[in-house]
Amino acid sequence: MTEKHPLTEFRTQSVVSLRWALRRSWETLQGHGGRTLAQLAAKNIRYSINMWRDASIDRHLGIKTGGLVKREHLDTDSPNKKFATIYKATAAKPFMAMLSYLPNNPEDFTFVDFGSGRGRTLLLASELPFKRVVGVEFSTTLHAEANNNIDSYCGRHKLGNRPESILADATTFPIPEGPLVIYMFDPFNATVTKGVFDNIVASYRACPRIMYFIYYGPVHKQIVLDTGIFSELPTAPLPPDPTLGRPLAFSLFATPEHNN
């Protein structure tokens with residue numbers, strides 16, 4: 001079966017969204033009148049434009065990493081499924097801006113994305129000479145899609161190190177040895193976030209080393225600070241997230257070794 005080009009599929013999804021929007025508009029007009037309809041129309045137009053902008057990175061790279069996947073549609077046997085959030089890929093410009101805060105020796109670091117989904121951040125991170133690029137994903141389908149995207153991308157570009165998508169529960173994933181750059185885009189609720197950091201702290205206590213943690217959409221940043229091993233570093237506002245039409249907050253943390 002021939003796979004649809006990401007742009008073709010995006011246009012198909014747009015048609016479906018348009019039909020939904022027209023139905024919602026008719027229902028709103030009947031129930032609330034023209035002013036509310038105009039507000040709804042403006043909201044739908046902004047959403048369509050923002051999703052089109054986000055899809056541009058997939059079109060450029062020849063991959064399919066965008067879209068939204070709700071928690072109930074994540075196929076996994078993990079008991080932590082009930083603690084997951086919605087899947088949404090990180091936009092390229094904010095992500096690369098966050099990576100710019102890292103030191104100038106990425107070849108010494110392993111990059112780990114917890115909740116890596118379809119693999120967009122793994123492919124973007126592979127543009128830097130990290131020692132290793134690893135994604136941790138517990139959804140069987142998203143993990144398979146990530147590997148398809150990695151295959152497609154690596155078929156077009158020569159990479160020093162091929163990114164890895166690993167099917168695993170984030171709370172029990174063996175933390176890699178050596179210096180780390182850890183990334184999350186708010187993939188879990190507080191319960192799993194704490195479990196992940198209990199695992200990270202145990203690894204750090206066993207072998208103290210430099211770790212950076214980039215937290216996009218830092219809902220549970222207090223959990224990070226409560227570990228006692230991470231301190232927050234100063235940052236500046238990011239470029240806007242194209243799917244939101246505005247910048248999203250992020251926090252950057254590091255273990256004490258970053259001062260050495």
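Buried means under 20% relative accessible area, exposed means over 50%, and partly exposed lies in between (1.4 Å probe, protein chains only). This tour uses those words throughout.

The model is predicted: local features need pLDDT of at least 70, side-chain atom pairs count only at pLDDT 80 or more, and totals for chains, interfaces and linings use all residues. Residues are numbered from 1 along each chain as its sequence is written, and side-chain values use heavy atoms, with hydrogens and water left out.

**Whole chain.** Show the protein chain as a cartoon. Its secondary structure comes to seven helices and nine strands; helices (H or I, at least four residues) and strands (E, at least two) are DSSP runs, numbered from the N terminus. Of its 260 residues, 47% count as buried.

**Helix 3.** Select residues 92-99, which form helix 3. This helix is mostly covered, with six of its eight residues buried. The buried ones are Ala-92, Pro-94, Phe-95, Ala-97, Met-98 and Leu-99.

**The largest nonpolar core.** A nonpolar core is a set of buried Ala, Val, Leu, Ile, Met, Phe, Trp, Tyr and Cys residues joined through side-chain atoms within 4.5 Å. Select Phe-111, Tyr-212 and Ile-214, which touch the most other members among the 32 residues of the largest core. Elements giving two or more residues to this core include helix 2 (34-61), helix 5 (140-156) and strand 7 (211-216). Helix 3 gives the most, with five residues. A second, separate core has 25 residues, including Phe-114, Val-134, Phe-188 and Phe-253.

**Ile-214.** Leaving out residues up to four places away in sequence, Ile-214 touches, among others, Met-98, Leu-99, Val-181, Tyr-183, Phe-250 and Leu-252.

Select residues 132-137, which are strand 4; five of its six residues are buried. Two strands pair if DSSP finds at least two bridges between them. On one side, five bridges join strand 4 to strand 3 (residues 110-114), and the two run parallel; Phe-111 has Val-133 as its bridge partner in strand 4. Four bridges join strand 4 to strand 5 (residues 164-167), also running parallel, and Gly-135 has Ser-165 as its bridge partner in strand 5.

**Cysteines.** Finally, select Cys-154 and Cys-207. Cys-154 is partly exposed, with a relative accessible area of 21%, and Cys-207 is partly exposed at 42%. The structure holds zero disulfides, a disulfide being a pair of cysteine sulfur atoms within 2.5 Å.

Notes
Contact means heavy atoms within 4.5 Å.
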